[in-house]
Amino acid sequence: MLLHIVARGRIGRSPEAELVDRYLKRVTWGTRVTELPDTGGKMPVLSPGTRVVMLDELGENLPSKTLATRLGAWRDDGVRETRFLIGAADGFDDADRQAADMLLSFGKATWPHMMARAMLAEQLWRAVSILANHPYHREG
């Protein structure tokens, strides 16, 4: 299954970009990152059956193992792409939220969008590692 991050804003050369690259290189599933301008830009075509996960302050604050289980179930059900949306500074509106298959939060704190992208990349690596029974993830 393709794990596709679609993010508003350009990350450029930065420590956050290095973290995103570091973690996504470790993911054994297909990955893609699409950057869009803060406003406008063309969203990549959404293939039928794609799951859309929106990073949003109103989303579920899931343990890593639960996120891994959900991604694994979608993969096993034949989902070919899970698209993770990271919005601009003003986030998403209610219509956008309703169109998503899942809203995901990294807690109640406000995170810079570039940090959220790095945190998402790490959680995707962690989820794939959990599903592969890799010792990277330790609960406790």
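I call a residue buried under 20% relative accessible area, exposed over 50% and partly exposed in between (1.4 Å probe, protein chains only). The model is predicted: local features need pLDDT of at least 70, side-chain atom pairs count only at pLDDT 80 or more, and totals for chains, interfaces and linings use all residues. Numbering starts from 1 along each chain as its sequence is written, and side-chain values use heavy atoms, without hydrogens and water.

Entry: the site. I looked up the unreviewed UniProt entry; its "binding site" annotation covers Leu55 and Gly87. Such annotations may be inferred rather than shown by experiment; positions follow the numbering used here, and feature names are shortened.

Entry: Leu55. I found Leu55 in strand S3, residues 51-60 (strands are DSSP E runs of at least two residues, helices H or I runs of at least four, numbered from the N terminus). Leu55 counts as buried because its relative accessible area is 12%. Beyond four places in sequence, its contacts (heavy atoms within 4.5 Å) include Phe84, Ile86 and Phe106.

Entry: Gly87. I placed Gly87 in the loop between strand S4 (81-86) and helix H3 (94-99). Gly87 has 4% relative accessibility, so it is buried. Leaving aside neighbours within four places in sequence, Gly87 touches Arg8, Phe92 and His113.
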